[in-house]
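Welcome! Here is a short tour of a few places in this structure, grouped by topic. Please have a look at the sequence and the model first.

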Amino acid sequence: MQNKGIIVFLTVVVTALCLYYLSFTLVSSGVQEDATEYATNESGNVDFAKRQTYLDSVWREPVYRFLGFPFTYQEVKETELGLGLDLQGGMHVTLEVSPVEIVRGLAGNSKDPALNQAIELASEKAKTTNEKFVTLLAESWNEVAGDRQLNTVFATAANRGRISLETSNADILGIIDSEIENAIDRSFNILRTRIDRFGTSQPNIQRIQGSGRIQIELPGVDNQERVRNLLQGVAKLQFWEVAEINEFGDALQSVNAMLVEEARSQKPAVADAETTSDTTDLESDLARRLAEGATAEDSLGLDVSPLFSLLKANYGLVYEIRDTLAINRILNRDDVKSLLPRDIRLLWSVKPQSTDNLELLELHAIKAPRGSDQAPLEGDVITDARQSYDQASRPAVSMQMNADGARRWRKLTSENIGKRIAVVLDDYVYTAPTVQGEIPSGQSEITGNFTIEEAQDLANILKAGALPAPTRIVEEAIVGPTLGKEATNQGITSMIAGLMLVVLFMVAYYAKGGFVAIAALLFNIFFILGILAQLGTALTLPGIAGIVLTIGMSIDANVLIFERIKEELRNGAGLMQAISSGYDKAFSAILDSNVTTFLTGAILYALGQGPVKGFAIVLMIGIASSFFSSVFITRVIVHWMSKKGDKSKLSFSTPFASNVLTSLNINFLAKRKIAYLISTGFIVLGLLVAGINGLKFGVDFTGGRYYIVEFSEAYPASDLKVGLDGEFDGAVEVKTYGANNILKVTTSYLINDDSDEANREVETRVREGIGNVTGFNFIDDATRLSSNDYAITGSNKVGATVADDIKNASMEAMFFALVAIFLYILLRFRKWQFSLASIIALIHDTLFVIAAFAIASAFGANLEIDQVFIAAVLTVIGYSINDTVIVFDRIRENISNKGTSRLVGLFNDAINQTLGRTLITSATTLIVVLVLLIFGGEVLRGFSFALLIGVLIGTYSSVYIATPIVVDLMKRELEQDAAEAAKKPA
């Protein structure tokens, strides 16, 4: 076998890397267990705030050593295999930057009745459409103001130079649109900094293009109120004078003296209110650090505390990032604060500087008279800021202030020549340049050690105060840790059960060859988890479903190879020759089927959102690792087992399976018209049922709010629905959610109102309604349920326009998946008939699944069309095309060997020759899907059902739909060619 050494080398390298990255996951799990133990009281209840305090305290502390290199908890969390919101618990939030406030700010908060009426009308329209707000504003203005020009409102002193009384409506609308887009970008930068500082594992923040929305995922968050305040707080931009070290050096010396004396006496310091809850663990750690610092410096004859001993520069307060936690502990103490001047505030830089392989942060002392939070200059005076270049052609930032700001800026700079002024946003110092001279106008330049990107970001940050752009939460999913644990257990159970059943089946059918396939499967799963950790991707519940699906689908390549080897052995080839020919002949079919499925995953990843994207990542990684392990690793193993040519060492069938599904001669194509009628009839029936009864769309598609309600004992869903119908005018759906004591209550009540008041009203109505109907008492903690109690363990809110975004993204993903598959089949098979037949079969399979959902729902099944269902349908597309390509590949081989003179016979032969592989692959996949259906829980119920129907119909359509359509299309072409040939003279 050629290139065996390279394959072994790559396998060893990838395995070592996976082990390395997965080791961080084990370490992180241990730290979190310690945090939970630390926060668990005598009654067994966990204080999540205390648990978070523990994790915050070790965030920059070394917790793991690998080959002598230390890793802080932050570095461990950044490298571990993270868990998504559904497995770990936490928050998924979509924020919208309010365009209304931006328009009002640009108009100088005008009281013009026409403008205010147009804004209100545009806001109402925005609740039911995805059109840009500026488009809706233009329509509303025309309806309210008629022919009146916008320049009568927007031509203000603040807009001088941009908008005048001659500026057209179109130009003004363009300026408004630009301001809205810029405000969204500024909000994105502010939120990104806040999220990075929040310290959660695997945070994700991204703009939803084409909208004013920003999507944020924070797995593992227990304190949701803290997140809401963090995300919706007002960005505070300030300019402060920086105090020199000699202005407060005596105070630092006093703090140092107190800490040294304390360390010598070995008495733990009393923490302030923020750290008191950490009790003796953090206090004793601080005492240890103080003691170590004193001992280290005493050997040099010096008396210093960590406040001085940890300094990393000769001038200024500069520390390593890992030491900032210890410094913060010192500075947050009440007794330390009492020694520092009241007019001094200490703030950290936002960006570390790299020096001699050290990451250093500076602690700035700003002058705050009488401890005031009011800076000499605030960000509301800035009218414009942009990235520029200084005289040395280095990136810089230019900014322009209004008249009041220019006056105050001139005064501030004239009083601080030769001193520094800090630009502070959200209590972090972005830059602190030295004033070179008085700046008489409101235009100035900030220089520093910037890259172009950093200068652009700073310009956006400086402009944050130019126009008010508040954010509001329009979508919020809260998954409690208990729900996450249940979801994890369900996923693990289904994965293990599916794996065990596939192992038994493969060994029973392929004997020792089955063990080879299982070895490849284990490599595949191991590689998936390791690569996910390397990429820093969080594993979600749909991602686990992708792994379980990969368990079935990854067997396909080995089934193809083993069936080819068995075919060669039956034809009289020797073992080594049969193995070589089997791998070679199966390669093209394996490549084509894997590429088409990978294309589906790529479309899902590019266009999907949330759980769909997580599923797509696992699917793509699974396909890539499956191809490598099933084609290359197994070949190395098979070659090693058969290198002496001894057949007793390796076999590919058991006695009962040796002749199963061989020598078949079924005329499948003779029944193709009956198949056409059956498929058409079922699809039409299902669509009629859907049209009459409607499909049950999930909250993702309809917009609404749902609540997961856990009762202390089982309560009938139908009884609760009847009771709640009066509370919400019938806009209620209640069904069981995984267990008979857990119910999912969904309502579209007040769906177009995204205010916090509406959220509270709906939840209050749900609580009151449940209490009135059931007589149960509401409690906050589901772990303390007793008789006649209930708790709300999770909730989700999706506004109507968010639901429209999801629908459009889903349809777009479907369309582009079909286009990509069409083009790839055309490229590989060189005939449009194969591409067209493939697309028709895929559309058939999709409609069949939807029809099956409609019919099943009509018989009382609780099945929803949601994002996970879309993932299932696109997976069915990938699976179905996988089946179809295998048959097409054998057809191509038969035509290449025998021509097209016996077209129907060649196609029938191809179906019969690949039927064994088709049925075996379908059987292994169905095993996994059935396990998902049984053990996957309510979260995956619709997904599993869609896959079950999809696998069955995908197998059926590759035989009775796709292949027959190619025959019919090619027969017509051949008949036309024959007719044209007959017309030509002999």
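Helices (H or I, at least four residues) and strands (E, at least two) are DSSP runs, numbered from the N terminus. The model is predicted, with local features needing pLDDT of at least 70 and side-chain atom pairs counting only at pLDDT 80 or more, while totals for chains, interfaces and linings use all residues. Residues are numbered from 1 along each chain as its sequence is written, and side-chain values use heavy atoms, leaving out hydrogens and water.

**A hairpin**

- Strands β12 (residues 382-389) and β13 (residues 395-401) run antiparallel and are joined by seven bridges; two strands pair if DSSP finds at least two bridges between them.
- Five residues lie between the strands of this hairpin, and Ser393 there has a positive phi near 65°.

**An open sheet**

- Four strands form an open sheet in the order β11-β6-β14-β15, with antiparallel pairing.
- The edges are β11 (377-378) and β15 (428-431), each with a single partner strand, so one side of each has no neighbour in the sheet.
- β6 (residues 237-241) runs antiparallel to β11, and two bridges join them.
- In this pairing, Phe239 stands opposite Leu377 in β11.

- Helix α29 (residues 832-858) has 27 residues and reaches 39 Å from its first C-alpha to its last, close to the expected 39 Å; the expected span is 1.5 Å times one less than the number of residues.
- Because 20 of its 27 residues are buried, α29 is largely enclosed by the rest of the structure; buried means under 20% relative accessible area, exposed over 50%, and partly exposed in between (1.4 Å probe, protein chains only).
- After α29 comes Gly860, with a positive phi near 100°.
- Val766 lies in helix α27 (residues 756-774) and counts as buried, at 1% relative accessibility.
- Thr747 is 19 residues from Val766 along the chain, and their C-alpha atoms are separated by 9.2 Å.

**A buried charge**

- Asp789 belongs to strand β22 (residues 789-798).
- Asp789 is buried but has no salt bridge, and the nearest side chain of opposite charge, Arg784, is 7.4 Å away; a salt bridge needs a side-chain nitrogen of Lys or Arg within 4 Å of a carboxyl oxygen of Asp or Glu.
- Residues touched by Asp789 (heavy atoms within 4.5 Å), not counting those up to four places away in sequence, include Glu710, Phe711 and Arg784.

How values were computed
Lys, Arg positive; Asp, Glu negative; His and termini not counted.
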